[in-house]
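Hi,

Here is the structure I promised to pass on. Have a look at it first, and then read my notes below.

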Amino acid sequence: MKVGIARGLLYYRYFPLWQTFLQELGCEVILSTQTTKEMVRQGASVAVSDLCLPIKAYLGHIFSLKDRVDLLFVPRYISIEEDAYMCPKFLGLPDMVASTIDPLPPLIDYPINYKGRKKMTESLFYEKVGKLFCRDSRKIREAYHMGLRRQDTFRCLQQSGVSFENAMELSLSPQDGITFRRGMHGSQPTIGLVGRPYYVNDPFLNKDISGKLMARGYNVITTDCVTEAEVNRQSGKLSKRVYWSFGKEMVGSALHFAEDPEVKGIINLASFGCGQDSFNWEIVSHHVKRMGNTPVLSLIFDEHWTDGGLNTRLEAFLDVIGRKKS
Amino acid sequence: MKLSVPYLGMLHIAYARILRNVGVDVVLPPKPTRKTLDLGTRYSPEFACLPFKLTLGTMIEALESGADAIFMPGGFGPCRFGYYDAVQNQILKELGYQFTMGSAGNPDRLSDMLELMRRIAGLRTRAGLFMLFYFILMRLSALDWVLKRYFTTKPREAVPNETDQVLRKSVQLIDSSVSVPSLLRARLKVSHWFRKIALRNDDAPLRIGIIGELFMVLEPSANTGIDMRLARRGIEVWKSVWLSDWLNDRFRFKPFTRNQLKLSSRHAHPYLRYPAGGESMESVGKTILFAKRGVDGIIHIFPFTCMPELVAQTILAKVQRDLDVPILTLIFDEHTAQGAIDTRIEAFIDLLERRRRSRGTPHPKGG
């Protein structure tokens, strides 16, 4: 059985778990390639024009997969913790995919939901997905726990400063002697990248901003590197808790970076027309201003961004940081 | 305490007199205008939605006219509306206004709403608070009922503007009914007035369903009064959301009205299987329901960058193809001009009229 997974959105957070689980149950996991211009074009051509860039790219990924797989894995992530939702677009993601792309292989679109009366915890979700491929519930449980272990390794590696690509590689095939591409070592100044995992880690969507920063001699630390406990501690300072999981991570990590004297500047990555980030960023910039004046830059991405525009803004921002240091 | 609540349709008529009667100083700022929106836009995040900007502008005007307490319900997602109170509080405090921002802990819970009423009205007994809250809800539902009757009667009236006069009279009567018996009597009287309106006996009017985000569908200053303009052009307007129905889903005060969210989700099920926040489920479900009841066209309105309605819009594209019902999507932001909206509506109405003529079938009954 070939199961397709799109390299977009929550792939950047949950792939080790998804892949391990499905492979342990004997599925062949087909992952789409890195985001390409063609994918974004194709996604944008079927999507409603005001949808955000990551969703358009996601639809493009589905296009590239749909003829090669028997099943598509498009879970409906409603909420992953009791006091927070995901973005409304995730709540309707399988329905959006099903109503824009036709024909389509069957979708695995069970919900994950920790809210309300129709609770569906993660373990229940995987039990249900597992039942599609295997009757033996012990085997399903084992596959799930195996996946969880890899997922934990992945997140721990990320939180200790390992880059996304390396963490993914290491967690899926443990090995020695890997050289870290990014790290918090060295005397180079550090920039904090704040954004959703699918922005910060997709070099096509963000025009390889971390590569650009590193080429100019900066260390990069991202939202993914901040632990959950720290996110909760930082976002607990707000007058009202942020009820979006990724929103909370972004606010929490931005405040964490603002407190950290090693972090010389904060860059926020957001989509054009992103509803949540308009509020999150308003809160972040308000608090960061109060906390000690770390320079902040907010970059809004859409499918029309060019490298040149990004370079100009980055250089101006790095000039500000450089001037502050001296 | 001088309390002010941003405008939303006829909500202010429902609560103002009642709260004043129990001694609350209610400030009603001027009705939102272009200037209000400009004011709100100036201090809002760029991608905040139109309701946010408009209510922020209204709050500033209320504070300027002497209010020192503002109520914004708040909530806990997934729509942005739940976070309005925190962000607006932060922006207004940064501008230097001194006031308290009141919000209900969780506006979907009765106990939190009663607690809020206690803070506002200062009543002690739970029974008193309960009565106060439910009486406001009853007045609101009476007002919505009047407006619904207006939308069905207006396109059929024989004497121009008779319905408008009845509407004005009815709203005044309901506004002045401050007890349950008088409200019930008022409803009978209003019903009588509406029945007495002389109707024309010619073609069935076009029917257009207005669906979308609650604030945009209900607040005339946000949607440029699109519903009234359609009604005046002789078109029957159905709306997917009413404030009293929306509240009824939560507080069950209309015994004969079904839970609209459940109703919508039953109809929407093949297309949208879980509410994506806001009014996405109502938008999809009611479009399908309206189409089954023989609506001629649907106008989908929502603010620019509205997340739930974008999900609905994506799905409605398929619904439109499957059910063969024309949908016009109007996205509002601070740059929207009434002229541009009118042009698009005119073209849409032309299309609907032509569709009906070309089919030549008698109009299906129901509604």
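**Where the two chains meet**

The contact between the chains draws on 31 residues from chain A and 36 residues from chain B. Keep in mind as you read that this is a predicted model.

On the chain A side, the elements that give two or more residues are α4 (88–91), α5 (93–100) and α13 (275–291) of chain A. By type, the residues on the side of chain A that touches chain B split into 16 nonpolar, 9 polar and 6 charged.

**Chain B as a whole**

I then went through chain B, which has 16 helices and 8 strands. Its C-alpha atoms fill a box of roughly 60 × 45 × 35 Å along the principal axes. How does the radius of gyration of chain B sit with that of a compact globule? For 367 residues such a globule would come out near 21 Å, and chain B has 21 Å, so the two agree.

As for the inside, buried residues make up 46% of the 367 residues in chain B. If you take the contacts in chain B with a separation of 6 or more, 70% of them are between residues 24 or more positions apart.

**One strand worth a look**

Now go to strand β5 (residues 206–212) of chain B. Is it buried or exposed? It is mostly covered, with 7 of its 7 residues buried. That holds for both faces of β5(B): B:Leu206, B:Ile208, B:Ile210 and B:Gly212 are buried on one side, and B:Arg207, B:Gly209 and B:Ile211 on the other.

Which strands does β5(B) pair with? One is β6 (residues 235–239) of chain B, which runs parallel to β5(B) and is joined to it by 5 bridges. In that pairing, B:Leu206 stands opposite B:Ile235 of β6(B). Another is β7 (residues 297–303) of chain B, also parallel to β5(B) and joined by 5 bridges. There, B:Ile211 has B:His300 in β7(B) as its bridge partner.

Cheers

How values were computed. Residues are numbered from 1 along each chain as its sequence is written. Chains are lettered from A and ligands numbered from 1 in the order in which they are written. This is a predicted model: local features need pLDDT of at least 70, side-chain atom pairs count only at pLDDT 80 or more; totals for chains, interfaces and linings use all residues. Two residues are in contact if their C-beta atoms, placed from the backbone, lie within 7 Å. Helices (H or I, at least four residues) and strands (E, at least two) are DSSP runs, numbered from the N terminus. Ala, Val, Leu, Ile, Met, Phe, Trp, Tyr, Cys and Pro count as nonpolar, Asp, Glu, Lys and Arg as charged, and the others, Gly among them, as polar. The radius of gyration is taken over C-alpha atoms; the globule rule is 2.2 Å times the number of residues to the power 0.38. A residue is buried if 20 or more other C-beta atoms lie within 10 Å of its own, exposed if 12 or fewer, and partly exposed in between; C-beta atoms are placed from the backbone. Two strands pair if DSSP finds at least two bridges between them.
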